[in-house]
Amino acid sequence: MFSYRHGFHAGNHADVLKHLILLTCLELLHKKETPLMLIDTHAGAGIYNLQDRFATTSQESEEGIIKLFQMRSSSLLTDNIRHYLAVIESLQTQNNLLQIYPGSPYLLWQSMRSLDKLRLMELHPTDFPVLQGNMASIQRKRQDIKVELANGFNHLKAFLPPPSRRALVLIDPSYEDKGDYFQTIQTLQEAVKRFSTGIYIIWYPILNRLESQEFPDRIKKLCNEHQLPWLRTELRIKNHQELGLSASGVWVINPPWKLKETLEFDLPVVKSILEINGMGQHLIAHHE
Ligand code: SAM
């Protein structure tokens with residue numbers, strides 16, 4: 001499990017899908033004033049440098065955020081995609097060079113209001129201190145943030161239910177270990193029993209492997225058993241025979257009001273910009 005470093009994948013098409021949806025959920029949830037507990041069970045390093053040796057070796061961001069960012073003045077973009085790109089642009093120090101890419105901890109942090117809380121878990125012995133350092137460098141006085149060297153699958157329950165009874169939980173394992181599929185479902189089972197009204201955002205890769213193919217049906221079954229509304233989104237940018245991850249999905253349990261409608265405008269645009277050789281596809285399915 002410690003072979004996985006998100007630095008190789010930062011800003012790829014899967015990050016674009018996940019982070020666009022994460023930001024959209026945050027925007028929609030902030031329409032209500034009640035404080036939110038923001039939880040990231042698999043936080044990664046928090047902020048990435050797209051010029052470092054990880055990113056330049058894999059070049060995955062070239063098929064993701066770099067391509068989308070180059071289109072930031074295009075009239076094709078929706079306001080919501082523009083907002084995501086503006087958050088990224090605000091992090092850059094050099095004009096026209098996309099160097100810094102925000103991970104989910106940064107995106108959660110930048111949306112925090114004074115009474116919101118942020119809880120981050122990361123288990124990697126090298127990425128954990130990097131995450132700690134990155135968060136320490138941006139944390140403002142009196143912001144309630146905890147960064148823990150912890151197993152996000154086991155530790156999530158410690159935060160549920162949250163005192164304000166409102167929480168957004170991102171579950172974003174790497175799935176390099178196929179046990180992650182099972183652990184994600186088990187973690188969700190326990191989480192929704194403790195706190196069924198939380199907003200749970202689950203990222204997953206779409207791969208030619210049984211665990212991956214069965215995964216959406218497993219989450220759907222869980223949602224149906226607990227009578228929870230859900231939204232399923234997927235984005236494919238290339239044929240599955242091409243090199244590298246070609247598609248991924250984000251499942252949202254208890255999706256915020258208007259999330260589906262917003263993504264119905266956004267995802268076709270993202271697909272049309274990121275697709276390679278016309279092989280892009282997107283999916284939006286839901287149940288209320
Ligand atoms: N959420 C991050 C983002 O969007 O910027 C990316 C996270 S990356 C896909 C998965 C992270 O989970 C890796 O940094 C990995 O070291 C970490 N990890 C793996 N197993 C874990 C576990 N059981 N608990 C917490 N973190 C874990």
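User: How is the model numbered, and at which pLDDT do side-chain atom pairs count?
Analyst: Residues are numbered from 1 along each chain as its sequence is written, and side-chain values use heavy atoms, with hydrogens and water left out. The model is predicted: totals for chains, interfaces and linings use all residues, local features need pLDDT of at least 70, and side-chain atom pairs count only at pLDDT 80 or more.

User: Which residue has a side-chain N or O atom 3.0 Å from a nitrogen atom of the ligand?
Analyst: A nitrogen atom of the ligand is 2.8 Å from a polar backbone atom of His42. A distance of 2.8 Å also separates a ligand nitrogen from a side-chain N or O atom of Ser104. At 3.0 Å from a ligand nitrogen, the side chain with the N or O atom is that of Asn151.

User: What percentage of the ligand's accessible area does the protein cover?
Analyst: Accessible areas come from the Shrake-Rupley method with a 1.4 Å probe. On its own, the ligand has 600 Å² of accessible area. The protein covers 97%.

User: How many salt bridges does the count come to?
Analyst: A salt bridge is a side-chain nitrogen of Lys or Arg within 4 Å of a carboxyl oxygen of Asp or Glu. One network of salt bridges links Asp15, Lys18 and Asp172. Glu275 and Lys271 also meet in a salt bridge, at 3.8 Å from N to O. The count comes to 14.

User: How many residues apart are Glu89 and Arg72?
Analyst: Glu89 forms a salt bridge with Arg72, and their closest N and O atoms are 3.2 Å apart. The pair links distant parts of the chain, with Glu89 in helix α4 (residues 79–89) and Arg72 in the loop between α3 (65–70) and α4. Helices here are DSSP runs of H or I with at least four residues, and strands are runs of E with at least two, numbered from the N terminus.

User: Is Lys221 buried or exposed?
Analyst: Lys221 and Glu225 form a salt bridge of 3.6 Å, N to O, and both lie in helix α9 (residues 210–225), 4 residues apart. Buried means under 20% relative accessible area, exposed over 50%, and partly exposed in between (1.4 Å probe, protein chains only). Glu225 has 48% and is partly exposed. Lys221 has 54%, so Lys221 is exposed.

User: What is the distance from Asp180 to the nearest side chain of opposite charge?
Analyst: Asp180 lies in helix α8 (residues 179–194) and is buried without a salt bridge. For charge, Lys and Arg count as positive and Asp and Glu as negative; His and the chain ends are not counted. The nearest side chain of opposite charge is Arg209, at 7.9 Å.

User: What is the relative accessible area of Gln99?
Analyst: Gln99 is found in the loop between α4 and β3 (100–102). Leaving aside neighbours within four places in sequence, Gln99 has contacts (heavy atoms within 4.5 Å) with residues including Tyr48, Leu50 and Gln92. Gln99 is buried because its relative accessible area is 17%.

Methods. Polar contact = N/O pair within 3.5 Å; in protein donor to acceptor, adjacent residues only side chain to side chain.
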